[in-house]
Amino acid sequence: MLRGADWQGVRASLIAELAATLDDAARLRRETDPLAPVHGFTLEQAYEIQRASIALRHGRGEKPVGVKLGFTSRAKMVQMGVDSLIWGLLTDAMLYEEGATVPLDHFIHPRVEPELCFLTSRPIARPLTLLEAAGYLAGVAPAMEIIDSRFRNFKFNLEDVVADNCSSAGVVVGEFSPDVGDLANRGVTMRFNGRPVAMGSTGAILGNPLRSVVQASRLASAAGLTLPAGSLIMAGAATAAEALAPGLHVSVDIGGLGRAEFTTGGAI
Ligand code: OOG
Ligand code: MG
């Protein structure tokens with residue numbers, strides 16, 4: 001029988017192994033089968049796998065740039081069949097220049113979704129209230145997230161998507177505006193080659209996307225992390241995601257905040 005210390009060792013090596021599986025899948029653009037149903041890890045362990053996979057990226061020189069929230073809107077929960085708010089960690093390798101070409105051969109089966117991106121002005125080291133949140137922000141920008149689940153056919157349960165760093169793959173951020181006070185009902189339109197493919201309101205994000213900052217502060221504090229000044233917080237998608245294909249001009253317009261855009265290049 002394994003004693004306590006041995007169990008710890010077995011568990012730690014399984015977490016490292018699953019983190020490497022997901023990291024390889026992302027690096028080599030190779031889908032993997034679901035892991036949670038086979039290995040039966042908990043949500044807490046899923047976050048440990050996520051941390052371990054991000055540590056592999058940091059080991060290759062990638063730098064932390066902020067966090068992303070997932071499933072902050074009904075539209076996303078319904079599309080993916082997962083109904084809990086989740087969060088993942090962003091690195092500089094995931095930043096794609098706004099207005100530029102995003103090579104699709106970096107991904108397995110990429111999708112894009114319209115978001116808002118916050119920029120923090122002060123370190124966040126404790127849970128914030130909604131009233132406090134604006135005081136910790138330097139600005140907000142129209143943004144899009146490119147998600148690319150490492151799981152076959154983009155199918156996963158809650159534990160698997162958390163272990164997979166919440167499908168994080170790319171972030172495109174437009175120009176920051178300093179006015180973060182009144183974001184609860186701005187129109188959101190995402191277009192492919194000028195044709196609207198997703199429309200909604202920023203209110204779809206937790207009723208008010210500033211709540212994503214509150215949630216990020218809570219989640220980071222609970223995990224013992226401080227978000228440094230200058231961190232990005234991706235608020236979560238306002239609408240369902242759309243599959244990307246080569247040769248698209250992709251844009252998002254957010255009322256009063258302007259536009260973010262990119263084109264897709266290369267084959268998937
Ligand atoms: C998981 C990530 C969800 C969002 O904005 O809700 C997410 C996924 O849909 O693959 O990023
Ligand atoms: Mg997202």
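**Figure 1. Five strands line up as an open sheet, in the order S4-S13-S12-S8-S9.** Everything you see here comes from a predicted model. The pairing in this sheet is mixed. Look for the edges: strand S4 (101-103) and strand S9 (195-201) each have a single partner strand, so one side of each is left without a neighbour in the sheet. From one strand to the next, the twist averages 20 degrees. If you're wondering what holds such strands side by side, strands of a sheet pair through backbone hydrogen bonds, either parallel or antiparallel.

**Figure 2. Here's a closer look at strand S12 and its partners S8 and S13.** Strand S8 (residues 187-192) runs antiparallel to strand S12 (residues 249-254), and five bridges join the two.

**Figure 3. Three glutamates hold on to the magnesium ion (ligand 2).** Which residues are the protein donors? They are Glu113, Glu115 and Glu145, each using an OE atom and lying 2.0 Å from the ion. Along the sequence, the donors follow the spacing E-x1-E-x29-E. Glu113 sits in strand S5 (residues 111-120) and Glu145 in strand S6 (residues 137-147), so this pair ties together parts that are 32 residues apart in sequence. Are these two buried or exposed? Glu113 is buried, with a relative accessible area of 3%, and Glu145 is buried too, at 1%.

**Figure 4. The structure holds two aromatic pairs.** In one, the ring centres of Tyr96 and Phe107 are 5.9 Å apart and the planes meet at 55 degrees, so the pair counts as tilted. Tyr96 belongs to strand S3 (residues 95-96), while Phe107 is in the loop between S4 and S5, so the pair links parts 11 residues apart in sequence. Tyr96 is buried, with a relative accessible area of 15%, and Phe107 is buried at 4%. Phe154 and Phe156 also make a tilted pair, with centres 6.4 Å apart and planes at 50 degrees. Both of these phenylalanines are buried.

**Figure 5. Two arginines sit over aromatic rings, Arg111 at Phe154 and Arg122 at Tyr136.** Arg111 lies over the face of Phe154, 3.9 Å from the ring centre. The charged end of Arg122 is placed over the ring of Tyr136, at 4.0 Å from its centre.

Terms used:
Residues numbered from 1 in each chain as written. Chains lettered and ligands numbered in written order. Predicted model: local features only at pLDDT ≥ 70, side-chain atom pairs only at ≥ 80, totals over all residues. Heavy atoms only, no water. Donors = N, O, S within 2.8 Å, 3.2 Å for Na, K, Ca; no water. Helix = DSSP H or I, 4+ residues; strand = E, 2+ residues; numbered from the N terminus. Buried < 20%, exposed > 50% of the residue type's maximum accessible area, 1.4 Å probe, protein only. Pairing = 2+ DSSP bridges. Axes fitted to C-alpha atoms, helices over the stretch in contact; angles between N-to-C directions. Phe/Tyr/Trp six-rings, centres within 6.5 Å; stacked < 30°, edge-to-face > 60°. Lys NZ or Arg CZ within 6 Å of the ring centre and 35° of its normal.
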